[in-house]
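Open the model in your viewer and keep the selection tool at hand. The tour goes from stop to stop, saying what to select and what is there.

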Amino acid sequence: MIGKGLGLGQRAALREYILTLADDELVLGHRDSEWCAFAPLIEEDVAFASIAQDEMAHAALLYGLLEEDEAERDALAFGRDGRGMRSAVLLERPNGDWAYSLVRHHVYDIADDLRTGDLLESKEPLLRAAAERMRREERYHLAHGRSWLSVLAAGGACSRERLERAVDAVAADSYDLLRPLAWEGALVAAGALPRAPSRLWDRFVERVGAEVCAPLGLAFHPPTHAPRGREGEHSAAMDDLLRTMSEVYRSDPRAVW
Amino acid sequence: MGVAVFEVFGQEGPGAAMRHAGSLCAATPELAILLAEELFCRRSEYRALWVVPRDAISRAPQEGDVLGPAEPRGYRLGAGYRATVGKWRRFGGEQLVDR
């Protein structure tokens with residue numbers, strides 16, 4: 001099990017951190033999966049649904065670090081209400097249009113790339129191994145996002161307007177992704193991370209600016225007040241999402257699949 | 001959004017020939033290869049892919065043409081030699097062979 005040999009406080013911090021990572025992947029994976037049968041091309045239906053499955057699989061991998069028992073893992077993923085979810089509010093927002101979903105996914109992927117990059121230096125071997133496995137797929141996700149953004153950027157006035165709106169909406173929620181949290185210090189002290197996740201913020205803003213906004217002639221100035229999803233403060237969209245996502249699980253939580 | 005058709009070729013194993021795997025629509029060649037990875041390799045069907053814009057492929061026959069010779073040339077095919085064996089026997093070819 002993860003966190004062997006750590007003190008109680010450090011162990012609790014590690015659990016919180018892994019939950020934030022897993023919940024992010026689960027919630028975004030669910031939103032992405034809602035595009036299945038509605039993407040701009042049938043080819044993209046398959047590709048985006050597959051990316052959604054990748055994110056869900058990453059969530060399962062991370063929940064697996066916290067609970068060895070499958071039923072406990074399911075309970076973690078599907079049994080909590082909104083207050084218990086540690087994901088960023090950005091990821092629960094309804095899909096909106098294709099530009100929003102794509103920009104959101106790509107901006108999240110950049111934050112995730114920075115986070116999992118740090119995990120490669122973790123002193124927790126299981127966490128390091130999980131990061132290596134996730135990053136193998138994230139390379140594809142980043143290339144996919146970059147490629148689509150350049151297609152949309154070249155798509156004329158309507159496409160351009162939707163992209164601008166998407167960047168603004170995503171920027172407004174971004175700070176939640178890497179906001180400083182009370183338990184971060186314990187993670188660094190435990191050697192689970194080389195630095196607090198919130199220390200990645202400047203690098204994140206710089207990369208989104210250079211990789212997403214600059215090619216569009218836009219700037220990235222995310223406000224630093226934004227929502228506090230990591231502390232359980234979610235929007236009504238999260239309740240809808242959880243109701244849909246866990247509908248089957250809740251119909252019989254003890255069922256064996 | 002402008003889309004083009006791309007033809008996808010896949011290699012099943014080391015040294016295997018690239019075989020036609022199918023086709024797909026995509027807005028750019030870059031997106032085409034990314035989509036091809038998901039569409040044709042999700043179950044690890046191929047170890048390598050080629051993705052080619054359909055427009056880049058030269059095709060035959062040209063309009064009005066038919067592929068192949070105008071007169072039958074079956075004698076050039078392997079099957080032609082089976083007919084030759086019958087004729088060889090009929091004309092006593094076996095007696096010419098020193099056993």
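Where in chain A does Leu120(A) lie? Select Leu120(A): this residue sits in the loop between H5 and H6 of chain A. The model is a predicted one. With a relative accessibility of 33%, Leu120(A) counts as partly exposed.

**Aromatic pairs**

Over all chains there are eight aromatic pairs. Select Trp98(A) and Trp148(A): the ring centres are 5.4 Å apart and the planes stand at 80°, so this pair is edge-to-face. Trp98(A) belongs to helix H5 (residues 98-119) of chain A and Trp148(A) to helix H6 (residues 125-153) of chain A, so the pair ties together parts 50 residues apart in sequence. Both Trp98(A) and Trp148(A) are buried.

Go on to Phe204(A) and Phe220(A), another edge-to-face pair, with 6.0 Å from centre to centre and 75° between the planes. Phe204(A) is in helix H9 (residues 201-213) of chain A, while Phe220(A) is in the loop between H9 and helix H10 (236-245) of chain A. Phe204(A) counts as buried at 0% relative accessibility, and Phe220(A) counts as buried at 7%.

To see a cluster, select Trp35(A), Phe48(A), Trp98(A) and Trp148(A), which are linked by ring pairs.

**Salt bridges**

The count over all chains is 19 salt bridges. Select Asp23(A) and Arg80(A), whose closest N and O atoms are 2.7 Å apart in a salt bridge. Asp23(A) lies in helix H1 (residues 8-33) of chain A and Arg80(A) in the loop between H3 and helix H4 (89-92) of chain A, so the pair ties together parts 57 residues apart in sequence. Asp23(A) and Arg80(A) are both buried.

Next, select Arg207(A) and Asp113(A), which form a salt bridge at 2.8 Å, N to O. This pair links helix H9 of chain A, with Arg207(A), to helix H5 of chain A, with Asp113(A), across 94 residues. Arg207(A) is buried at 12% relative accessibility, and Asp113(A) is buried at 16%.

In helix H7 (residues 157-174) of chain A, select Arg165(A) and Glu161(A), which lie four residues apart, about one turn of the helix. Their salt bridge has its closest N and O atoms 3.3 Å apart.

For a network of salt bridges, select Asp24(A), Asp112(A), Arg115(A) and Arg230(A).

**A surface patch**

Last, select Glu68(A), Asp69(A), Glu70(A) and Glu72(A), which form a negative surface patch. Asp69(A) is in the loop between helix H2 (42-66) and helix H3 (70-78) of chain A, and counts as partly exposed at 42% relative accessibility.

Definitions and conventions: Residues are numbered from 1 along each chain as its sequence is written. Chains are lettered from A and ligands numbered from 1 in the order in which they are written. This is a predicted model: local features need pLDDT of at least 70, side-chain atom pairs count only at pLDDT 80 or more; totals for chains, interfaces and linings use all residues. Side-chain values use heavy atoms; hydrogens and water are left out. Rings of Phe, Tyr and Trp (its six-membered ring) pair if their centres lie within 6.5 Å; planes under 30 degrees apart count as stacked, over 60 as edge-to-face and the rest as tilted. Helices (H or I, at least four residues) and strands (E, at least two) are DSSP runs, numbered from the N terminus. Buried means under 20% relative accessible area, exposed over 50%, partly exposed in between (1.4 Å probe, protein chains only). Patches are made of residues with over 30% relative accessible area and no salt bridge: like charges are joined within 9 Å, nonpolar side chains (Val, Leu, Ile, Met, Phe, Trp, Tyr) within 5 Å. Accessible areas come from the Shrake-Rupley method with a 1.4 Å probe; for residues, only the protein chains shown count as cover. A salt bridge is a side-chain nitrogen of Lys or Arg within 4 Å of a carboxyl oxygen of Asp or Glu. Lys and Arg count as positive and Asp and Glu as negative; His and the chain ends are not counted. The place of a charge is taken as NZ of Lys, CZ of Arg, CG of Asp or CD of Glu.
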